[in-house]
Amino acid sequence: MAAVGKTHATRWVVLNVVVVLYALFPVWWIVALSFKDPGTLTDGDYIPRDWTWENYRGIFATAEFTRALINSIGIALIATVIAVVLGTIAAYAVARLRFPGKRVLIGMSLLIAMFPPISLVSPLFNIERFIGIFDTWIGLIIPYMTFSLPLAIYTLSAFFREIPWDLEKAAKVDGATPAQAFRLVIAPLAAPGVFTTAILVFIFCWNDFLFAISLTSTESARTVPAAIAFFTGSSQFQQPTGSIAAAAVVITIPIIVFVLLFQRRIVAGLTSGAVKG
Amino acid sequence: MSTRAQPAGAPPPPETETGQAPDQAALSAGARQERRLGWLLCAPAVVVMIAVTAYPIGYAVYLSLQRYDLRFPGQAEFVGLGNYGAVLSSPFWWDAFWVTLFITAVSVAIELVLGMGLALVMHRTIFWRGTVRTAVLIPYGIVTVVAAFSWQYAWTPELGYLAELLPTGEAPLTEQWSALWLIILAEVWKTTPFMALLLLAGLALVPEETLKAAMVDGATAWQRFTKIMLPLMKPAILVALLFRTLDAFRIFDNIYILTAGAHGTGSLSILGYDNLFTALNLGIGSAISVLIFICVGIIAFTFVKLFGAAAPGAEVKR
């Protein structure tokens, strides 16, 4: 019996190790690349022989990368805030109120979530040039916000349906004003869902590449994913491998931190709408 | 059946299937107010979504009917369906179409199997459950472009660990078939976790007791999986398949970084991008955009037909 238990346990450990390696190996590879100096870049080692910060110093020395990082953070944050605020209001109505057109709303947002971004790129490109927001922060914030709204409405309404709204009534019976009832009872219950949605939306905006390369033309609004793709290296004879690896690690860190801190919630957010219904 | 909370205060009026209140005349003042509030609260989101998607799509249709080349803006004129004819009779469109279809079908199929395996491991493992789930989430969070670079370097001769496994002189990203498989590999690595998490949520719906009972009755693990788990998980599986299929069909980032669409690996999104931003031909590019939109619509429609009641969006009325 003990032996059986032991093989069983070993099997799970092996499976888990395989899963973790599968998930992390490509990530480790690019981290290792980012710490190699140009001389050993091509040695194929999984662990750099000489660790160096050279690649990181290199990318932060140029305005190109720093500017792109600021753009990424600013654009993703603003788009996230707007999308989550509008999404929260709409999701509250969907989860809580009875009104015709609700299904149309959910259907429409799902339709948009499935929209091929390339279909919007050509008209947006022309419209944005026409009204003068091409290659600006707003020019990217608008599509990001729109494409993440469905995600926000969908996950938030799933979260909101789980909230016991009767508590609000109970608080009112106990003498709380509507504002107090909302602030003290409902808001703390809703906050985790809103927060989770914000993380998912942020990841979505942070990730975008197509809009970032199509709706920008200079450094003034280009985000990091797009900037990396246009890296040229410090001289034209040098492959920018090390710089790209370093930049890649820098934009991956915030996401990894989110994932490590809020793992449970992210899973809940990703799956809540899909299966509970 | 309803998981929706009842609104505070209002007496629960009878509700029809569509969530619509029964009769205009029978509406109480409270219900009318509730309707108005509902519309009011949804209005900002709806306005934004329509302004930024519906209007541009209409504009794309308009552009697609013009000869409109940014290099020769003076020659813009209405050409009717001419651009569509040009696109659909061009081998570039059909090559990209088959490439996209191939990548979509193969990667979603692999992801389903792999994702199911991952979900089962995450569901059943007793050790380091948190670590495993976190590790699996990381590819989901990683910026696609970063992941694509990691794969590109891995397969670059003299630089990558994977290229070293190949005979010298092989550059897999420069051959159509090997490059397509590498694109699929990159896509599968990045998005299997998403599939696995949706399936994991589905697994959580399978009651433990039913599985135990089946075990007592002598069902093998495979029988328990196919006869009990799969049918119960069907809604979750369909949702995961729909999301992933539509997502894979618009594949862009991975291909752009790995091969930039060279050597016969360009997807429809790459084709559209090239026509718009390399050739600056807004007319042809818009026609491609509209055609991709129609393809996605057909895929979504097919899935929703297959889904029936399990379709996402149908959930609200329950």
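This is a predicted model: local features need pLDDT of at least 70, side-chain atom pairs count only at pLDDT 80 or more; totals for chains, interfaces and linings use all residues.
The interface can first be described by its residues and its area. On one side, 109 residues of chain B take part, and they are in contact with 100 residues of chain A. Together, the two chains bury about 9500 Å² between them, and carbon and sulfur atoms account for 75% of that area.

What kinds of polar pairing are found here? The rule finds 11 residue pairs in polar contact across the interface of chain B and chain A, with both residues at pLDDT 80 or more. Salt bridges, by contrast, number zero between chain B and chain A. On the side of chain B that touches chain A, helix α1 (residues 29-64) of chain B gives the most, with 21 residues. Sorted by type, the residues on this side of chain B comprise 73 nonpolar, 22 polar and 14 charged.

In general, two packed helices are described by the angle between their axes and the distance between the axes. For helix α4 (residues 102-113) of chain A and α1(B), the axes come within 11 Å and cross at roughly 40°. The crossing of α4(A) and α1(B) is left-handed.

Which residues meet where α4(A) and α1(B) come together? From α4(A) come A:Leu105, A:Met108, A:Ser109 and A:Ile112, and they meet B:Cys42, B:Val46, B:Met49, B:Ile50 and B:Thr53 in α1(B). Seven residues of this contact between α4(A) and α1(B) are nonpolar, two are polar and none is charged.

Definitions and conventions:
Residues are numbered from 1 along each chain as its sequence is written. Chains are lettered from A and ligands numbered from 1 in the order in which they are written. Side-chain values use heavy atoms; hydrogens and water are left out. Contact means heavy atoms within 4.5 Å. Buried area is the accessible area (1.4 Å probe) that two parts lose on being put together, summed over both. A salt bridge is a side-chain nitrogen of Lys or Arg within 4 Å of a carboxyl oxygen of Asp or Glu. A polar contact is a pair of N or O atoms within 3.5 Å; within protein, one must be able to donate a hydrogen and the other to accept it, and residues adjacent in sequence count only if both atoms are side-chain atoms. Helices (H or I, at least four residues) and strands (E, at least two) are DSSP runs, numbered from the N terminus. Ala, Val, Leu, Ile, Met, Phe, Trp, Tyr, Cys and Pro count as nonpolar, Asp, Glu, Lys and Arg as charged, and the others, Gly among them, as polar. Axes are lines fitted to C-alpha atoms, for helices over the stretch in contact, and angles run from 0 to 180 degrees between N-to-C directions. A crossing is left-handed if the near helix is turned anticlockwise from the far one by less than a right angle, and right-handed if clockwise.
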